[in-house]
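Subject: Structure handover

Hello,

Here is the structure you are taking over. Please look at the sequence and the model first, then read the notes below.

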Amino acid sequence: GLPGWSIEIDNYYNGHDPTSEDHLTFSFDGNIYTPEVWVALPDLEDGNWHQMRVVVQAPHVFVEIDQVVYLDQEINGFYNFDAYVGFTAATGSLTNEHLIDSLVVTEQVCGD
């Protein structure tokens, strides 16, 4: 119910997913059932670390994983809100590791 946007990396098919492929989605306000956009991903469950870079300069959204660009487009929506950075992971009754090794958040505000 909180305003915001989210990027999902999903490697398990659930009935509400837009595809049975591993995928990345971009959604507003936690609405995972109807993402604004989705793109297929390769299998990232290979036991290796992967680097993800996200740049949001509303309405432009850029996402790359392991230096491969998967999302680079304008997505119209509400971006002006008080923000928090958070992570979540779920497996239902299955098990899996969801690890973050390093996080860097930068913000640049330019005035005239």
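To begin with the end part of the chain, Leu103 is located in the segment after strand E6, which spans 68-74. Keep in mind throughout that this is a predicted model. Leu103 belongs to a nonpolar patch on the surface, together with Val85, Phe87, Ile100 and Val105. The accessible area of these five residues together is about 530 Å².

There is also a charged patch. Which residues gather in the patch of negative charge on the surface? They are Asp43, Glu45, Asp46 and Asp66. Of these, Asp43 sits in the loop that runs between strand E3 (37-40) and strand E4 (52-57).

Next, the loop between strand E1 (5-10) and strand E2 (23-28), where Thr19 is found. Is Thr19 buried or exposed? Its relative accessibility is 10%, and the limit for buried is under 20%, so Thr19 counts as buried. The side chain of Thr19 also reaches the backbone nitrogen of Glu21, at a distance of 3.1 Å.

The loop between E2 and E3 holds two residues to look at. One of them is Tyr33. Tyr33 has a relative accessible area of 55%, and because exposed means over 50%, Tyr33 is exposed. Between the C-alpha atoms of Tyr33 and Pro18 there are 8.1 Å, while the two residues are 15 apart along the chain.

Asp29 is in the loop between E2 and E3 as well. With a relative accessible area of 44%, Asp29 is partly exposed.

Gln67 shows a positive phi too, of about 65°, and is likewise not a glycine. Its place is the loop between E5 and E6. Is Gln67 buried or exposed? The relative accessible area of Gln67 is 69%, so this residue is exposed.

The bond from Ala58 to Pro59 is cis, and its omega is near 5°. You will find Pro59 in the loop between E4 and strand E5 (60-65).

Two strand residues remain. Val56 is part of strand E4, and at a relative accessible area of 28% it is partly exposed.

Glu64 lies in strand E5. Its relative accessible area is 15%; buried means under 20%, so Glu64 is buried. Glu64 and Arg53 are eleven residues apart in sequence, and their C-alpha atoms are 5.3 Å apart in space.

- Start at the nonpolar surface patch, which includes Phe87 and Ile100.
- Go on to the patch of negative charge, which includes Glu45 and Asp66.
- Look at the contact from the side chain of Thr19 to the backbone nitrogen of Glu21.
- Finish at the cis bond from Ala58 to Pro59.

Regards

Terms used:
Residues numbered from 1 in each chain as written. Predicted model: local features only at pLDDT ≥ 70, side-chain atom pairs only at ≥ 80, totals over all residues. Heavy atoms only, no water. Patch = residues over 30% accessible without salt bridge, like charges linked within 9 Å, V, L, I, M, F, W, Y side chains within 5 Å. Areas by Shrake-Rupley, 256 points an atom, 1.4 Å probe, with all protein chains shown as cover. Salt bridge = Lys/Arg side-chain N within 4 Å of Asp/Glu carboxyl O. Lys, Arg positive; Asp, Glu negative; His and termini not counted. Charge placed at Lys NZ, Arg CZ, Asp CG, Glu CD. Helix = DSSP H or I, 4+ residues; strand = E, 2+ residues; numbered from the N terminus. Buried < 20%, exposed > 50% of the residue type's maximum accessible area, 1.4 Å probe, protein only. Polar contact = N/O pair within 3.5 Å; in protein donor to acceptor, adjacent residues only side chain to side chain.
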